[in-house]
Amino acid sequence: MKLSPRLPALLLAALVVTACAPQTSDNASSDKDEKAGTLRVWLFQEVGNKPKEKVVDSVVAAFEKAHKGTEVDVEYIPIDTRAQRVKAAFNDPKSAPDVMEYGNTDTAGYVKDGGLLDVTKEFGDWSEAKDTDPTAKQSVTVDGKLYGAPFYVGVRALYYRTDVFDELGLDVPKTMAELASTAREIRAARPDLYGLVVGGAYTYGAMPFVWANGGELATGKGGSYASAIDSAAARKGIKAYTSLFSDDNCPAAKCAGMGGNDTITAFAAGKAAMAIGGDFSHTAVEAGKVKGKYAVVPLPGVTSGSIAPAFAGGNNIGVLKSTSHRTLAVELMEQLASKKTQTEFFDAMGFLPTFADVRQQVAAKEPFVKPFVQTLASGTKFVPASPAWSQIDSSLVLPTMFQEVISGKKDVAAASKDAATKMNDAFSSAG
């Protein structure tokens with residue numbers, strides 16, 4: 001769940017919704033499909049929301065012009081009240097919007113709670129849908145059915161200090177092993193810096209190490225997932241990541257509790273030579289002390305020249321099952337998620353498009369996007385499409401595992417086994 005500095009908070013709010021929403025609620029599909037009236041839309045309130053509002057206003061104006069007798073009421077939902085609002089909408093359709101933006105890891109939970117409309121047919125008939133990134137499409141898919149349209153995507157890559165690398169005569173690492181050795185070489189030469197700043201609470205910065213070594217979060221599909229975090233391959237990745245929490249790179253006492261935002265803050269402040277950050281981290285880094293003194297490349301994989309799989313975060317747009325304006329709501333969803341609108345959102349907010357061809361176009365315009373587009377093109381990963389993921393994520397199962405290893409409380413085998421047990425309990429309880 002993007003991968004911008006605001007996203008963890010947004011996703012946490014959404015996770016609370018998924019975890020707390022009742023298993024049954026009065027949100028059956030409406031048998032109405034009114035062709036006029038007011039459409040209610042809920043979108044996320046961003047930091048610096050005006051550019052987003054301008055794009056949305058343009059879409060709304062065109063939509064209303066094309067549909068006489070139709071009005072669109074857009075409300076931007078504050079992060080701190082979003083959880084309560086969505087829960088109330090699922091319980092009381094009269095308070096629900098017709099169209100809603102939501103974190104892409106929330107899809108399965110929202111589907112289980114009966115909140116989202118199955119738009120499989122409409123998505124299949126949508127001419128632009130064929131160019132949707134496969135992983136982005138996966139984020140709106142549950143048991144083979146689609147419950148929305150991908151809105152934007154975010155991935156992470158390797159930020160590094162060009163001035164430090166030039167000063168020490170270093171080459172950009174081409175493998176994960178070189179990444180670790182380069183980080184330690186920097187720390188030895190510049191003890192005032194973290195070599196590669198890492199965080200024990202940075203789940204999506206850690207997962208590329210697991211995936212690059214052949215590990216997975218879980219196996220299966222639908223309601224039948226089983227944790228794979230304790231497999232031999234996953235353990236190899238866990239060991240590679242947790243070994244970076246050491247005095248010769250990023251001391252455990254300072255780095256074990258860090259999350260993703262903390263690591264980017266440290267890099268932007270000039271306290272680290274390298275960091276794993278998202279396309280959405282660009283603005284924060286540009287505003288920091290390292291402006292003009294850094295570059296970005298894809299995070300290297302295990303073999304030379306390979307790219308480590310990254311988590312494909314982002315947000316989606318969906319139609320609520322309770323809408324009485326199905327046809328209009330689906331069309332508005334498609335307009336908000338269209339190629340034209342996603343291009344405008346990139347220009348206004350920096351949101352990476354979910355269409356492969358549009359991403360290539362924006363990369364040609366903005367060089368900083370290139371390593372993120374390369375990462376997406378090389379193949380990304382997503383979380384299990386299970387409502388259990390919200391419980392697993394909000395319960396900090398994986399950060400706890402990493403921190404137990406970092407602190408020496410448990411070895412990799414024991415910590416990953418305990419994490420797998422917790423994950424399997426969650427998968428079982430989710431049905």
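1. Of the 431 residues of the protein, 55% count as buried (under 20% relative accessible area with a 1.4 Å probe, protein chains only; exposed is over 50%, partly exposed in between). This is a predicted model, in which local features need pLDDT of at least 70 and side-chain atom pairs count only at pLDDT 80 or more, while totals for chains, interfaces and linings use all residues. Residues are numbered from 1 along each chain as its sequence is written, and side-chain values use heavy atoms, with hydrogens and water left out.

2. Overall form. The secondary structure comprises 20 helices and 13 strands (DSSP runs numbered from the N terminus: helices are H or I of at least four residues, strands are E of at least two). The radius of gyration is 22 Å, close to the 22 Å that the globule rule gives for 431 residues, so the protein is as compact as a globular protein of that length; the radius is taken over C-alpha atoms, and the rule is 2.2 Å times the number of residues to the power 0.38. Along the principal axes, the C-alpha atoms fill a box of roughly 70 × 45 × 35 Å.

3. Surface. The accessible surface comes to about 16,700 Å², and carbon and sulfur atoms hold 52% of it (Shrake-Rupley method, 1.4 Å probe).

4. Core. The largest nonpolar core has 132 residues, of which L196, I229, Y241, M274, L332 and L398 touch the most other members. Helix α20 (residues 412-429) gives the largest share of this core, seven residues. Such a core is a set of buried Ala, Val, Leu, Ile, Met, Phe, Trp, Tyr and Cys residues joined through side-chain atoms within 4.5 Å. Beyond its neighbours within four places in sequence, Y241 is in contact with V198, G199, Y202, G205, A206, F209 and F402 (contact: heavy atoms within 4.5 Å).

5. Disulfide. The structure holds one disulfide (a pair of cysteine sulfur atoms within 2.5 Å). C250 is joined to C255, S to S 2.0 Å, and both cysteines are buried. The torsion about their S-S bond is about -85 degrees, so the disulfide is left-handed.

6. S390. This residue lies in helix α18 (residues 388-394). S390 counts as buried because its relative accessibility is 5%. The S390 side chain reaches the backbone oxygen of P387 at 3.0 Å.

7. E331. Helix α14 (residues 326-336) contains E331, which counts as partly exposed at 30% relative accessibility. Not counting residues up to four places away in sequence, E331 touches F63 and H67. E331 and W126 are 205 residues apart in sequence, yet 9.4 Å apart in space, C-alpha to C-alpha.

Definitions and conventions:
A polar contact is a pair of N or O atoms within 3.5 Å; within protein, one must be able to donate a hydrogen and the other to accept it, and residues adjacent in sequence count only if both atoms are side-chain atoms.
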